[in-house]
Amino acid sequence: MTKAYPLDKALEQMRQNWPEAVSVETELFLSMSRFSEVLDQSCTKELEAYGLTNGAFEVLVALRGCPEPREMSPSDLYRALLMTSGGMTKILKQLETDGLVTRIDHDTDKRSKIVRLTEAGTSIVERAMESVMAGDRRVIYQNLTKEEVQSLRDTLLNVVVKLGV
């Protein structure tokens with residue numbers, strides 16, 4: 001993992017040199033951003049063993065979360081994952097080459113193809129998810145108590161639900 005400049009030092013430097021830019025909101029945003037980076041780096045490390053990128057993993061997770069036959073349109077996928085259509089196309093081509101998804105004809109729209117998770121894709125995403133979750137637990141529980149984790153989860157989930165995102 002890349003060692004970032006410690007946030008407490010960065011905030012202290014800001015307090016000394018740009019105090020009007022430091023607020024509870026700034027500290028909250030920077031803390032969430034750094035925490036997200038740490039979890040993202042942990043996820044990347046865990047996924048290396050499976051030959052997956054974070055983007056490919058997100059696609060496989062989205063498909064695995066669908067009811068059988070575990071399929072979505074490319075448009076639904078890139079909207080669900082907040083990716084560009086070009087980025088999604090690149091990921092889908094690689095996943096198809098790797099045999100983790102297949103593209104099938106759309107019933108009503110002959111211009112597009114539905115993306116379906118294959119058995120190989122199901123197997124790899126389930127194993128990768130176990131590894132990613134174990135990595136998340138290591139990062140989280142080395143630094144927080146179970147009560148702190150529950151409180152943080154409740155607070156962030158509440159905000160995200162209220163925002164509708």
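Biologist: Which residues touch the most other members in the largest nonpolar core?
Modeller: This is a predicted model, in which local features need pLDDT of at least 70 and side-chain atom pairs count only at pLDDT 80 or more, while totals for chains, interfaces and linings use all residues. Residues are numbered from 1 along each chain as its sequence is written, and side-chain values use heavy atoms, with hydrogens and water left out. In the largest nonpolar core, which has 26 residues, those touching the most other members are Leu52, Phe57, Val59, Leu60, Leu63, Leu77 and Leu95. A nonpolar core here is a set of buried Ala, Val, Leu, Ile, Met, Phe, Trp, Tyr and Cys residues joined through side-chain atoms within 4.5 Å, and buried means under 20% relative accessible area, with exposed over 50% and partly exposed in between, for a 1.4 Å probe and protein chains only.

Biologist: Which elements give two or more residues to that core?
Modeller: They are H2, H3, H5, E3 and helix H6 (119–141), and H3 gives the most, with six residues. Helices (H or I, at least four residues) and strands (E, at least two) are DSSP runs, numbered from the N terminus.

Biologist: How many of the residues of H3 are buried?
Modeller: Eight of its eleven residues are, so H3 is largely enclosed by the rest of the structure. The buried ones are Asn54, Gly55, Ala56, Phe57, Val59, Leu60, Ala62 and Leu63. If contact is taken as heavy atoms within 4.5 Å, then Leu60, leaving out residues up to four places away in sequence, touches Leu52, Leu95, Leu100, Val101, Leu117, Ile124 and Val125.

Biologist: Switching to the sheet, what is the strand order?
Modeller: The three strands form an open, antiparallel sheet in the order E1-E3-E2, where two strands pair if DSSP finds at least two bridges between them. Strand E1 (71–72) and strand E2 (101–105) stand at the edges with a single partner strand each, so one side of each has no neighbour in the sheet. E2 pairs with strand E3 (residues 113–117) over five bridges, with Asp105 opposite Lys113 and Val101 opposite Leu117. E1 is joined to E3 by two bridges, and Met72 stands opposite Val115 there.

Biologist: And which strands does H3 lie across?
Modeller: Helix H3 (residues 54–64) lies across E1, E2 and E3, running at about 90° to E3. Helix H5 (residues 85–97) also packs on the sheet, where it touches E2 and E3, and its direction makes about 105° with that of E2. Axes are lines fitted to C-alpha atoms, for helices over the stretch in contact, and angles run from 0 to 180 degrees between N-to-C directions.

Biologist: Is Val101 buried or exposed?
Modeller: Val101, which lies in strand E2, counts as buried at 2% relative accessibility. Apart from residues up to four places away in sequence, Val101 touches Leu60, Leu63, Leu92, Leu95, Glu96, Val115, Arg116, Leu117 and Thr118.

Biologist: What about the peptide bond from Glu68 to Pro69?
Modeller: That bond is cis, with omega near 10°, and Pro69 sits in the loop between H3 and E1. Arg70 is in that loop as well, and its phi is near 55°, a positive value in a residue other than glycine. For background, most residues other than glycine have a negative phi, and most peptide bonds are trans. Arg70 counts as buried at 16% relative accessibility.

Biologist: Where does Cys66 lie?
Modeller: Cys66 lies in the loop between H3 and E1 and is buried, with a relative accessible area of 14%. Setting aside neighbours within four places in sequence, Cys66 is in contact with Glu71 and Met72.

Biologist: Last one, where is confidence lowest and where is it highest?
Modeller: By pLDDT, the predictor's confidence in each residue from 0 to 100, it is lowest in helix H4 (residues 74–80), at a mean of 87, and highest in H6, at 97. The mean for the chain is 93, and 98% of its residues reach 70 or more.
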